[in-house]
Amino acid sequence: MQPRTMRAVALLALSALMTGIFIMRLVQLQVFQYNQWAQRSTKNHVSKRVLDMKRGNIYDRRGDELAISVDTYTVFLYTREVKSLSEAANALATVLPMSREEIIAKVGDRSGYIQIYKELEPNLAMKLQKLNIPGVNLESHYRRYYPQKSLASNLIGFTGAEQQGLEGLEKLFDKTLRGYPGLAVQEDISLSESGPAQMRVITPPMGGSNINLTIDSFIQHVIESELAKLIEQYDPIDATAIVMDPHTGEILGMGCLPNYDLNNFGEAKPDTRRNRPATDFFEPGSCIKILAVASAIENGKADRNTRFYCRGFGEMPGRRIRCHGAHGLVDTDKAIAESCNAAMMQISQMIEPSMLYRTYKKFGFGDPTGAEVVAESNGIFRAPSKWSAFSPSSLSIGQEMTVTGLQLVQAYSAIANGGNLIRPRLIKRITSPDNEIREDFGPEIVRRVISPELARSLRRMLMGVVEGGTGKMAMLEDYTAGGKTSTAQKANPRGGYFNDKVVVSFMGMIPAMDPRIVLLVAVNEPKGDERTLFGGKVTAPAFARIADRVLKHLKVPPDRSLTPEAREEQLLKNNKITVKQEIIKLPNLISQAHASVASSSVSASDTCELVPDLRGKSLKAAIQTINRRELKAIFEGNGVVIAQQPPPGRPLPNSRILRVKLSPDFIE
Ligand SMILES: [Zn+2]
């Protein structure tokens, strides 16, 4: 016989023997000694009790509490030990938020182990214990509590009545957090013996592990407060922002509004509970153009000096895609900076469909990122066999595909970190109940996507977008930034696109050439004047504010220093040729009636002599403000105000003349 077979036979024999012994003992107890045991059982009241385990806590990266288990106590009255119910009730009423009568009514004519009060706070439980009332028993439990209420709620999720994770990380890491319940036996030795009921712990409960997230509560708070401003200003369906460290894959903040109070999850609508940056997808629009350029360059079909000519639209047999204004002769950098659709269409025709497919696929589109989130979506990115003749041109401007916010952040991180696709992570560390490190997680590179040199060129192009292209409104005073605005019309399920339903976003990195963070801000169906609903206007200012606060929090040294004046000057100096119109004496564009309404609604802040904020306004709206304030202005360009001199909030110059620059090319 083989040694292995011998071992198996030996094991089989052993287990047969054990089973035999067990059955014999069972027969002995159940049959021969039945009466003896039954007698003991009636004599002694024995009950098993499950001991609550303490669920592990969830902390942010610095140890701030996000989800904790707090002690609570349940108060029982054991009627057999109560000497006088009215005395016990009197004593209980001094501590519990219940009246003596309520306590007596709760007991009624019942006897045994009766629950009087649930979820008593630890300090009150201590008081009660000191009173030492005969028959009063306290049982400790744990309750899940979320000290930061709605902060990162879509990410963290919550637990049910049995402490089981039902949503978010609480659900995904339920096993890690949960621990094991213990077992105790409650023995009431005999009725004749007085004295408290005895609890004997058979197995002590084992607490769950703690989790440290990669999230930084401060950054999360910055994100959510900026998103709240966007919600207030544009009343969208929802708004999302993600901050990721492109070098480690650590997500430092990921928020979406509306969200909900985790301590009150029962009242939240299911829609507000979803972790939308990971579950919801949308057409990416223009921010994908940089990847079409990457594909052309890495396949040797174009370089940064390749010239394209834009007559205001791109054309191929059967299809025309409009640009906003004719961009004329542009090189690759300029095509990205101006978000030129015509150039993109030409690029999509220069490369093979399989090249475009491979590049996008390498950047992670169509696949989940693998971040620790519930129900991550893949987005939609079809194989070339399912493409039409128009697909390459659509894909080059971010149509015919859908992405999640997380996927976009992952793709841009590869550009930011020198060409590696990195897995976004939410879990930094797992520790034991006594805070010993069990697992520490580090960066996980999925694959190399592009060369460091190409990544660097792409970063420079993205910097051009902010420093002199369609992303100007994202310009920061203390840091350079690179990124891309997007205004994607939402696809109509019946075919075509909605004109008035858009997802606007700003996807970028800061500082531009040596990024410390990658940041996405996206707003789903902002409401307002159709002309001003574009990515640059809606999301770029929020992008700049979040980036500035996060980088200062991370103590990233500024890589430049622009005064507000210098920043506005830089915006004004932009070399884009536009129609120059000088308006010193303003035409009265508003009717008399309208003007009187406007002047009657002048608020206190309007009357003090500071420069008004015209940025983001249409020409007409800007003129209204100028007229109302009896100022003069030199307008340059058409479209929407992108810069002004002096900047808003400064004292008015004696001349009362403002220089105002407008640009139509925010609209993509
Ligand atoms: Zn163009």
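Mentor: The elements covering the buried residues of α18 include α12, α13 (332-337), α17 (405-416), β21 (482-491) and β22 (497-510). Helices (H or I, at least four residues) and strands (E, at least two) are DSSP runs numbered from the N terminus. The model is predicted: local features need pLDDT of at least 70 and side-chain atom pairs count only at pLDDT 80 or more, whereas totals for chains, interfaces and linings use all residues. Residue numbers start from 1 along each chain as its sequence is written.

Helix α18 spans residues 452-468, 17 residues in number, and reaches 24 Å from its first C-alpha to its last. Its buried residues (20 or more other C-beta atoms, placed from the backbone, within 10 Å of their own) are Ser457, Leu458, Arg459, Met461, Leu462, Met463, Val465, Val466 and Gly468.

The helix to follow from here is α12, residues 289-298. Nine of the ten residues of α12 are buried, so this helix is largely enclosed by the rest of the structure. Those nine are Lys289, Ile290, Leu291, Ala292, Val293, Ala294, Ser295, Ala296 and Ile297. Just after α12, Gly300 adopts a positive phi of about 70 degrees.

Between α12 and α18 the packing angle is about 140 degrees, and the axes (lines fitted to C-alpha atoms over the stretch in contact, with angles from 0 to 180 degrees between N-to-C directions) lie 11 Å apart. Contacts (C-beta atoms, placed from the backbone, within 7 Å) join Ile290, Val293, Ala294, Ile297 and Glu298 of α12 to Leu454, Leu458, Met461 and Leu462 of α18. By class, eight of these residues are nonpolar, none is polar and one is charged; Ala, Val, Leu, Ile, Met, Phe, Trp, Tyr, Cys and Pro count as nonpolar, Asp, Glu, Lys and Arg as charged, and the others, Gly among them, as polar.

Helix α12 also packs against helix α15 (residues 353-362), at an angle of about 120 degrees and with the axes 9 Å apart. That angle makes α12 oblique to α15. From α12 the contact draws on Leu291, Ala292, Ala294, Ser295 and Glu298, and from α15 on Met355, Leu356, Thr359 and Tyr360. Six nonpolar, two polar and one charged residues make up this contact.

Methods
Angles under 35 degrees count as roughly parallel, over 145 as roughly antiparallel, 65 to 115 as roughly perpendicular and the rest as oblique. Two residues are in contact if their C-beta atoms, placed from the backbone, lie within 7 Å. The expected span of a helix is 1.5 Å times one less than its number of residues. A residue is buried if 20 or more other C-beta atoms lie within 10 Å of its own, exposed if 12 or fewer, and partly exposed in between; C-beta atoms are placed from the backbone.
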